[in-house]
Amino acid sequence: MPRTGVFICHCGTNIAGTVDIEKAVEASRNFPGVVHAADYRYLCSEMGQDLIKKAIVDNQLDRVVVGTCSPRMHEGTFRKAAAEAGLNPYLLEVANIREHCSWVHKDIEEATPKAISLLRAAAAKAVLNESLDAPELEVEKRALVIGGGIAGIQAAIDIAEAGYEVDVVEREPSIGGRMAQLEKTFPTLDCSACILTPKMVEAAQHPNVNLITYSEVEEVKGFVGQFDVKIRQKARSVDPVKCTGCGICYEKCPSKASSEFEMGLSKRKAIYIPFPQAVPNVPVIDRDACLYFTKGRCQICEKECPPQAIVYDQEDEIFERRYGTIIVATGFDQMNPSQYGEYGYGQHPDILTGLEFERLFNASGPTGGKVVRLSDGKPPEKVVFIQCVGSRDKARGMNYCSKICCMYTAKQAILLKEKVPDAKSYVFYIDVRTAGKGYEEFQRRAAEEYDVAYLRGQVGKIFPDGDHLVVHGVDSLSGKIIEIKADMVVLAAASIARADSPELGRIVGINSDSYHFFNEAHPKLKPVETHTAGVFIAGACQAPKDIPDTVAQASAAAVKAVGLLSKEFLKGEACTAEVNQAECSGCLYCEAVCPYSAISPVEIEERYQGGTLKRTVAEVNPALCQGCGSCTVICRSGSINLKGFSNEQILAEVDAICLQR
Amino acid sequence: MATSNKTRLVDEMKMQSGQDPNECYQCAKCSAACPVTAAMDLLPHQVIRYLQLGFEEDLAKSNTPWICASCFTCAARCPRDLDLARMMEGIRLVMLRRREGNKFGPADLTPEQLEKLPQQALVSGFRKYNK
Ligand SMILES: Cc1cc2nc3c(=O)[nH]c(=O)nc-3n(C[C@H](O)[C@H](O)[C@H](O)COP(=O)(O)OP(=O)(O)OC[C@H]3O[C@@H](n4cnc5c(N)ncnc54)[C@H](O)[C@@H]3O)c2cc1C
Ligand code: SF4
Ligand code: SF4
């Protein structure tokens, strides 16, 4: 019979307040196999751990039960202590008498017998515990970053600087993301391109960074340390090695299409780079717009290209690479506000979203940097900004606050005043939210120094009247209905998750919230981790956020990734499933339910009536198994067992609780 | 805060309408959308504010619930998914129950009005203004 020691923690008064510790210790002495029982005020403290270690040695204990808080909290702590005393860590069991008992009960008369039951169950399980070893897994010393916005760029540079190779897969022809579309950035009004372009170039030139643009991730297999990723690099129709980026092709190309980068506000050529500072500076042929691809004639770019870099018959390339870790940084979109009929978005050229308005300031934007009405090219005199279009709207939009709109609206109103000194801005808002360093001061400057009228209220309808847009709203502070004859209206449309984020989440194996933003593992303590080991998130794909928060999160994710890459080996899961192949009938139901594809069929030979018989049975790959236990539940013959949580162990716990009463 | 009656108006209104004024965050979208604010002495969002703060006596004096045309524009626009038109109806019902007698009857109408007004308008008018 094993020699078990039971240690019960007071947790200050957290446990001792509702559980009679003395009684519990006395009761524990009578459990089968228990040779030692003790209690301590804080077992997790260094002195508490020493007490356990000493008792293990003094009493030659080979099983340990601790009656403490949840194993989620301190199982690791106590297992480490047991290991330091020479015991296999998996011979220690935790009875959760805090979350499962003392915290949920008030009456000591009821909580004490329950705590004793839980301890008895743990002791009964401990008797059947076996020594287990976690497998060691190799780590591929390379990181994958999905998404090349400022989040992806920052994470890649940080990982590269730490000395590891990193691939950035970006869907668009250039890295840069939304930040490349911005003019100046709050709260300091430094020009977006001036601070972003150097980072783009740094990433492109870093020997450890490999930019894979115009590409998408199609499949992710494997697990932390060894993700096997299938990447599709779409055909650019241009040889990136030969191309010198001279730009003659898109100068000469006769075919035009709507520019995605300018959100349809202007045209680009069929062969194009999305914006002048694009990285890499290698054009792409949009085959749907190209005359050669659609009508079979033209080929002007091929004729004009000095280094003959045009390759019409280039094909999509699919390749597979292994990565130790993955960072997802795919950013966000702006909601299309046309569903808000009262604002008339999409029905009038002078009603724009915030991102569209931002482009009017940009020298390479659709108006060449002139802030003018798209309807008649005249500078606006009155511009109305409407906040919370689709944000904080549980009826027709998103329940959350998009976080960045109050600030970029103040920014745009300031920039407008600088470009068009006669212009007057009005901002309809519900609340102005400007938490952040220098943010409140920035917004107040808009109101005080740039003469921006902040109206607390919303807009009920907008209708064209001659040259103008009549904005009918309310100022709730004065209780007055407000009508403004505006020249332009700018809608702060909600920041939303990328449309394909559920699909990407499925491919990478991470989950998202009800708005399709990716979920962090813990809202406070694990803000860049996900529930999938080795996969991290950064930037606006997790929730709407501004550039400072995005960059901070990206560096945080990079540190996590580097921490992982710097390990020689990773400890795998010790509590994995195990097939008793003699009893397995080979139905392979387990293979179908395993979420980690850890089970596969294998052929074995058996002696049968003097001869040998070939039979298919299930086999578990312990490196892939995460110990979820689904297979043990589905197995009809009970031939799969989870190490550390075997059927026998669980039944022993049940018996220990039920048979006693 | 004024609570002159045994049951607070806001509790009764809540029961009648199934709407909780505390869910309103005072964006005033309803007031911006309402087509008949010109005739109201309180804007629709102010009615809700008064409910939130329990200004029942002031509310009892307001013409707004009686001006409300029950067009439901506010309900269609409210980002908090509140049905203010139902609340207005709730307020009217509570007020009527508290009031002695009817606000107007067939005798108050001219023969010409009686001739011209559709039956339905008369019935809903009596329902809205009478006990
Ligand atoms: C109108 C407006 C003005 C703003 N002004 C400011 C400002 O002044 N100051 C400030 O701090 N912030 C501002 N912001 C916020 C700023 O844009 C964001 O904080 C920032 O862009 C977030 O960066 P990101 O890398 O997380 O996402 P993104 O910029 O969206 O980048 C994500 C990248 O991932 C790529 N991608 C997406 N899906 C995939 C996929 N499946 N596979 C591969 N690649 C993919 C995208 O193409 C993109 O390049 C503003 C936002 C708006 C809308
Ligand atoms: S629209 Fe809804 S949330 Fe806004 S003030 Fe009116 S009732 Fe309140
Ligand atoms: S239902 Fe009443 S309060 Fe609401 S918009 Fe119509 S008239 Fe105004």
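Me: What conventions apply here?
Reply: This is a predicted model, in which local features need pLDDT of at least 70, side-chain atom pairs count only at pLDDT 80 or more, and totals for chains, interfaces and linings use all residues. Residues are numbered from 1 along each chain as its sequence is written, chains are lettered from A and ligands numbered from 1 in the order in which they are written, and side-chain values use heavy atoms, with hydrogens and water left out.

Me: Which helices of chain B each supply at least two residues of the shell around ligand 2?
Reply: The shell takes in residues with a heavy atom within 4 Å of the molecule. Around ligand 2 these include B:Cys24, B:Cys27, B:Cys30, B:His45 and B:Cys78. Helices are DSSP runs of H or I with at least four residues, strands are runs of E with at least two, and both are numbered from the N terminus. The helices that each give at least two residues are helix 2 (29–33) and helix 3 (44–53) of chain B.

Me: How many charged residues does the shell around ligand 3 have?
Reply: Among the residues around ligand 3 are B:Cys34, B:Cys68, B:Cys71, B:Cys74 and B:Met88. Ala, Val, Leu, Ile, Met, Phe, Trp, Tyr, Cys and Pro count as nonpolar, Asp, Glu, Lys and Arg as charged, and the others, Gly among them, as polar. By these classes the shell around ligand 3 has 10 nonpolar residues, 2 polar residues and, as for charged residues, none.

Me: Which three residues supply 33% of the area that chain B buries against chain A?
Reply: In the interface, 19 residues of chain B are in contact (heavy atoms within 4.5 Å) with 21 residues of chain A. Buried area is the accessible area (1.4 Å probe) that two parts lose on being put together, summed over both; for chain B and chain A it is about 1600 Å², 50% of it on carbon and sulfur atoms. The 33% share on chain B, more than any other three residues supply, comes from B:Tyr25, B:Lys29 and B:Ala32.

Me: Is A:Thr112 buried or exposed?
Reply: A:Thr112 is in helix 5 of chain A, and a polar atom of its side chain lies 2.7 Å from the backbone oxygen of A:Ile108. Leaving aside neighbours within four places in sequence, A:Thr112 is in contact with A:Thr18, A:Val19, A:Asp20 and A:Lys23. At 5% relative accessibility, A:Thr112 counts as buried.

Me: Where is A:Pro187?
Reply: The peptide bond from A:Phe186 to A:Pro187 is cis, with omega near -5°. A:Pro187 lies in the loop between strand 8 (184–185) and strand 9 (190–191) of chain A.

Terms used
Buried < 20%, exposed > 50% of the residue type's maximum accessible area, 1.4 Å probe, protein only. Polar contact = N/O pair within 3.5 Å; in protein donor to acceptor, adjacent residues only side chain to side chain.
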